[in-house]
Amino acid sequence: MMWQKYPGSGQSIPLRIKVLFGGVFGTGSFALVYYLIQKFHSRGLYYKLAVEQLQSHPEAQEALGPPLNIHYLKLTDRENFVDVADAKLKIPVSGSKSEGLLYVRSSRGGLFQRWHLDEVFLKLKDGQQIPVFKLSGENGDEVKE
């Protein structure tokens, strides 16, 4: 029988089985953590505000085509960056006509302060750029472009 002790080995389960299960467990754990980090970012205000701006921007909607699909961030992309006061993201988006990246710059004054958008623009796969939102003015007035 496969699970019985081998004479003189001191192991009840062969090493190859332990390695197999360890590899499956490790890979599954990594995939789960990767998914949870993506979910965490997609629930962040810096992410939600940018997606809302895209969804309410007629030119961007027309360029992408309905329905609008928001995809998860590529966590391995070094341009996706979030710390206590700043966030820079490239959110993959697609529609029936085209696909592209939603570039987002967001900031806040401190740890417990609210995020606000600084700039959002859509870059389509053909290279066309569509400004979606830009913060302008010295007092932080929001101006949609």
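Start by selecting Lys 90 and Glu 79, which form a salt bridge with their closest N and O atoms 3.8 Å apart. A salt bridge here is a side-chain nitrogen of Lys or Arg within 4 Å of a carboxyl oxygen of Asp or Glu. Lys 90 lies in strand β3 and Glu 79 in the loop between β1 and β2 (81-82), so the pair ties together parts that are eleven residues apart in sequence. Helices (H or I, at least four residues) and strands (E, at least two) are DSSP runs, numbered from the N terminus.

This is a predicted model, in which local features need pLDDT of at least 70 and side-chain atom pairs count only at pLDDT 80 or more, while totals for chains, interfaces and linings use all residues. Residues are numbered from 1 along each chain as its sequence is written, and side-chain values use heavy atoms, with hydrogens and water left out.

**The other salt bridges**

Colour the two partners by accessibility. Lys 90 is buried, with a relative accessible area of 13%, whereas Glu 79 is partly exposed at 46%. Buried means under 20% relative accessible area, exposed over 50%, and partly exposed in between (1.4 Å probe, protein chains only).

Next, select Glu 119 and Arg 105, a salt bridge whose closest N and O atoms are 3.4 Å apart. Glu 119 lies in strand β5 and Arg 105 in strand β4, so this pair ties together parts that are 14 residues apart in sequence. Glu 119 counts as partly exposed at 22% relative accessibility, and Arg 105 counts as partly exposed at 35%.

The structure holds four salt bridges. For another of them, select Glu 62 and Lys 97, where the closest N and O atoms are 2.5 Å apart. Glu 62 lies in helix α3 and Lys 97 in the loop between β3 and β4, so the pair ties together parts that are 35 residues apart in sequence. Both Glu 62 and Lys 97 are exposed.

Show residues 86-94 (β3) and 99-107 (β4) as a cartoon. These strands run antiparallel and are joined by nine bridges; two strands pair if DSSP finds at least two bridges between them. β3 and β4 form a hairpin, with four residues between them.

β4 and β5 pair in the antiparallel sense over eight bridges.

**Ser 106**

Move to Ser 106, which is in strand β4. Ser 106 counts as buried, at 2% relative accessibility. Draw a distance from the Ser 106 side chain to His 116: a polar side-chain atom of Ser 106 lies 2.7 Å from the backbone oxygen of His 116. A polar contact is a pair of N or O atoms within 3.5 Å; within protein, one must be able to donate a hydrogen and the other to accept it, and residues adjacent in sequence count only if both atoms are side-chain atoms.

Then display the neighbours of Ser 106. Not counting residues up to four places away in sequence, Ser 106 touches Tyr 46, Ala 85, Asp 86, Ala 87, Trp 115, His 116, Leu 117 and Asp 118. Contact means heavy atoms within 4.5 Å.

**The loop between β4 and β5**

Select Leu 111 and Phe 112. Leu 111 is found in the loop between β4 and β5, and Phe 112 has its place in that loop too. Phe 112 is exposed, with a relative accessible area of 81%, and Leu 111 counts as partly exposed at 48%. The C-alpha atoms of Leu 111 and Ala 85 are 6.8 Å apart, although these residues are 26 apart in sequence.

Go to Ser 56, in the loop between α2 (45-55) and α3. Ser 56 is partly exposed, with a relative accessible area of 38%. A polar atom of the Ser 56 side chain lies 3.2 Å from the backbone oxygen of Gln 53. The C-alpha atoms of Ser 56 and Val 132 are separated by 9.1 Å, and the two residues are 76 apart along the chain.

Finish at Pro 66 and Pro 67, which are joined by a cis peptide bond with omega about -10°. Pro 67 is in the loop between α3 (58-64) and β1 (69-70). In general, most peptide bonds are trans.
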